[in-house]
Amino acid sequence: MTDMVTLIAKTTPLERELKTASRTVQETDITRLGELYFTAYDTGVAAESLEAAMADMRASYAGKYGELLPDASHVALDEDGKIVAAVLVVEHALGNDTPDAPFIIELITDREHRRRGLAEDLVLATLDTLFNNGHKDVALRVEANNSAALALYLSLDFHRWSPKKKTTKRASVEQRLNFITLGVRDVTRSREFYLTRLGWTAHHEVPGQVIFLQVNHGLILSLWDRAAMAAELGVEPSDGVPALTLSHNVASPAEVDAVLAQAREAGAAVDHPAVHQEWGGYSGYFADPDGFRWEVAYNPTWNVNDAGHVTV
């Protein structure tokens, strides 16, 4: 089977007068186009018989290979007004493996009228018509070993076209932050600083272990014992891991696993897979490129009302 090459070019207005007498194709041309189609090729290449070639031309005109664009399809005439070459153009080729553009389905020249520039003039006429009708591109297919045809098209600024590979869009993690946790060396000292000196109010606390402070709509600042944080992370913050975590809360354990999988696909290091935690929830951690830990958590008691007030 002969390999085919798909080519595409920008439509352009005529920049020179055509040397070929031509006009647009008409339905009454079908018989002559069938003859031309049959005799321009070796026996059996285009069709097995003249009748089959004429039938194929009738089918082409009727839309078998796409809706024909008669205004963009041209025929070249000899001195007696006989059709000696033709270009047939459809609005779009059938199938999904071609450009979204008008498509040249046939460019044929009578054997005795080759090498006279007829094919070039017909393609130029098509480029001009399509340009004036608002089309930006035109495409076609040619046998990869047809050096003469390839040379013609490349001289007219056609170039190879390949379908774009379909890419699967990666599912995105919802852009949301629920917790900022600071690993503090002394929870009692931090309580003195934030609550007594800064005058902030504790939202919830476990004395000596953790303090929650609501700092914004649905956002909690957590002051957590650094040793306990290191134990849950499975690393020592002193080993270069920031004593800070950011938390993304979700509605179920299954969502925790899904978000961690999305993070891993995005290139994050999931160095602490999700587990059931002692505080009653389910969570795991991933690290961004700079080592900052994000906790993905399901907390069954977590709730944010319409006013932004958090219940933990």
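Trainee: Which residue forms a salt bridge with E205, and how far apart are the closest N and O atoms?

Mentor: R191 is the partner of E205, and the closest N and O atoms sit 3.0 Å apart. A salt bridge here is a side-chain nitrogen of Lys or Arg within 4 Å of a carboxyl oxygen of Asp or Glu. Helices (H or I, at least four residues) and strands (E, at least two) are DSSP runs, numbered from the N terminus.

Before going on, keep in mind that this is a predicted model: local features need pLDDT of at least 70 and side-chain atom pairs count only at pLDDT 80 or more, while totals for chains, interfaces and linings use all residues. Residues are numbered from 1 along each chain as its sequence is written, and side-chain values use heavy atoms, with hydrogens and water left out.

How open is the pair? R191 is partly exposed at 34% relative accessibility, and E205 is partly exposed too, at 26%. The scale runs like this: buried is under 20% relative accessible area, exposed is over 50%, and partly exposed is in between (1.4 Å probe, protein chains only).

Now for the surroundings. The second largest pocket holds about 690 Å³ of space. β9 (204-206) is among the elements that give two or more residues to its lining, along with others including β8 (179-184), β10 (210-216) and α6 (226-233). That lining has 27 residues, and V210, F212, W224, E232 and W279 lie nearest the pocket's centre. A pocket is found on a 1 Å grid over the protein atoms alone, as an open set of points with protein on both sides within 12 Å along at least five of seven lines; a cavity is a set where a 1.4 Å probe fits but cannot get out, and lining residues have an atom within 4 Å of a point. Grid points are joined across faces, edges and corners, and the volume is the space filled by probe spheres set on the points.

By class, the lining divides into 12 nonpolar, 11 polar and 4 charged residues. Ala, Val, Leu, Ile, Met, Phe, Trp, Tyr, Cys and Pro count as nonpolar, Asp, Glu, Lys and Arg as charged, and the others, Gly among them, as polar.

D121 and R16 meet at 2.9 Å, N to O. D121 lies in helix α3 and R16 in the loop between β1 (4-10) and β2 (22-24), so this pair ties together parts 105 residues apart in sequence. D121 is buried at 2% relative accessibility, whereas R16 is partly exposed at 32%. R16 and D121 also belong to a salt-bridge network with E120.

Another one is D56 with K64, at 3.9 Å, N to O. D56 counts as buried at 14%, and K64 as partly exposed at 47%.

So, to come back to your question: R191 is what E205 pairs with, and both R191 and E205 count as partly exposed.
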